[in-house]
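Hi everyone, thanks for coming.

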Amino acid sequence: MSTLPQDKSEGKSYQEEFDCKFYLNKYYAPFTGSPSPPNIVTYFHCKQLHDFYTKHSSKWNSKTARLLEFGGGAVITWLISAAPYIDQVTLAAYTEGERKEIELWKHGKEGAHDWSSHIRYIVNEVEHVLGDDAWCEREDLLRRRITNIIPCDIFCDNPLFVKQELFEVVQTNLCLEVTCRTYEEYKVAIKKLVGLLKPGGFLVMCIDECASFYMVGNKKWPSLYLTLEQVKEAVIEAGTEILVAERDPAPLVQLQNPTDTDYKAVLVVAARKREL
């Protein structure tokens with residue numbers, strides 16, 4: 001049963017109308033030529049994730065640690081830097097289409113989205129591990145690390161539907177702000193994700209600050225307007241201690257011409273669940 005006042009027709013609309021292929025090709029297209037990636041993949045976001053894992057991975061056993069990517073859709077970019085520090089990744093996506101896309105990529109099947117330029121960029125340019133062998137090895141490693149691809153719904157009492165062991169790390173990237181319609185819903189959603197962590201576990205989030213919409217084709221999807229201070233407040237109220245709270249302003253061209261989305265900055269927040 002839903003614990004939040006979700007509009008069920010909106011969830012059905014997302015299942016039926018969200019064009020996963022178009023979304024990937026627009027916001028996560030393969031890129032060549034420049035070391036700087038296009039659009040949604042920012043150096044700031046990737047570097048913050050890399051820095052988090054290199055700094056905090058000593059707090060868990062990488063040979064047994066489990067990571068949940070909640071609401072990750074069909075995107076694997078935010079898991080690239082995590083792969084060397086985690087044993088198993090559970091990727092939870094809302095739509096069947098998103099889950100099928102991940103399955104195609106994991107098994108190297110025809111029609112899978114091409115993530116090679118993203119992996120190369122993060123390994124070579126962000127982590128400064130050079131050579132084709134390095135990023136190819138990371139690609140293989142991430143495929144092995146993704147062990148579960150499951151449905152999710154933050155509005156359910158159990159957002160993963162079935163009972164799971166608690167996780168060392170829960171990530172959510174560009175998700176909750178486009179799922180929740182009110183700040184109260186957002187705070188309840190954060191508490192649910194923290195509830196999936198082991199005591200002392202880590203919540204890692206990326207958020208589009210002050211966004212009200214994003215476009216996928218001709219479809220305009222709403223986003224909850226959130227500030228960094230609101231995100232920090234929600235995370236602290238959920239029973240965590242904030243470790244990272246960084247903000248990267250959107251490029252001037254984005255601020256002057258917000259056609260695809262009207263976000264004002266990218267936020268990365270990481271926090272640790274308090275011990276019992």
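Predicted model: local features only at pLDDT ≥ 70, side-chain atom pairs only at ≥ 80, totals over all residues.

Let's start with some background. When two helices pack, we describe them by the angle between their axes and the distance between those axes.

So, how do the axes of H7 and H8 cross? Helix H7 covers residues 183-194 and helix H8 covers residues 228-237. Their axes come within 8 Å and cross at roughly 45°. Angles from 65 to 115 degrees would count as roughly perpendicular and those under 35 as roughly parallel, so H7 and H8 are oblique to each other. The crossing of this pair, H7 and H8, is right-handed. If you'd like to find the contact on screen, look on H7 for Tyr183, Tyr186, Lys187, Ile190 and Lys191. On the H8 side, look for Gln230, Val231, Glu233, Ala234, Val235 and Glu237. Sorted by class, the contact between H7 and H8 has 6 nonpolar, 4 charged and 1 polar residues.

Now for the other pair. Helix H2, residues 20-27, and helix H4, residues 96-106, have axes that come within 9 Å and cross at roughly 60°. H2 and H4 are therefore oblique to each other as well. Here Cys20, Lys21 and Leu24 of H2 meet Gly97, Glu98 and Glu101 of H4. That contact has 3 charged, 2 nonpolar and 1 polar residues.

Last topic: empty space. Rolling a probe the size of a water molecule over the atoms shows where such space is left.

Notes
Residues numbered from 1 in each chain as written. Heavy atoms only, no water. Axes fitted to C-alpha atoms, helices over the stretch in contact; angles between N-to-C directions. Helix = DSSP H or I, 4+ residues; strand = E, 2+ residues; numbered from the N terminus. Parallel < 35°, antiparallel > 145°, perpendicular 65-115°, else oblique. Left-handed = near helix turned anticlockwise from the far one by under 90°. Contact = heavy atoms within 4.5 Å. Nonpolar A, V, L, I, M, F, W, Y, C, P; charged D, E, K, R; others polar.
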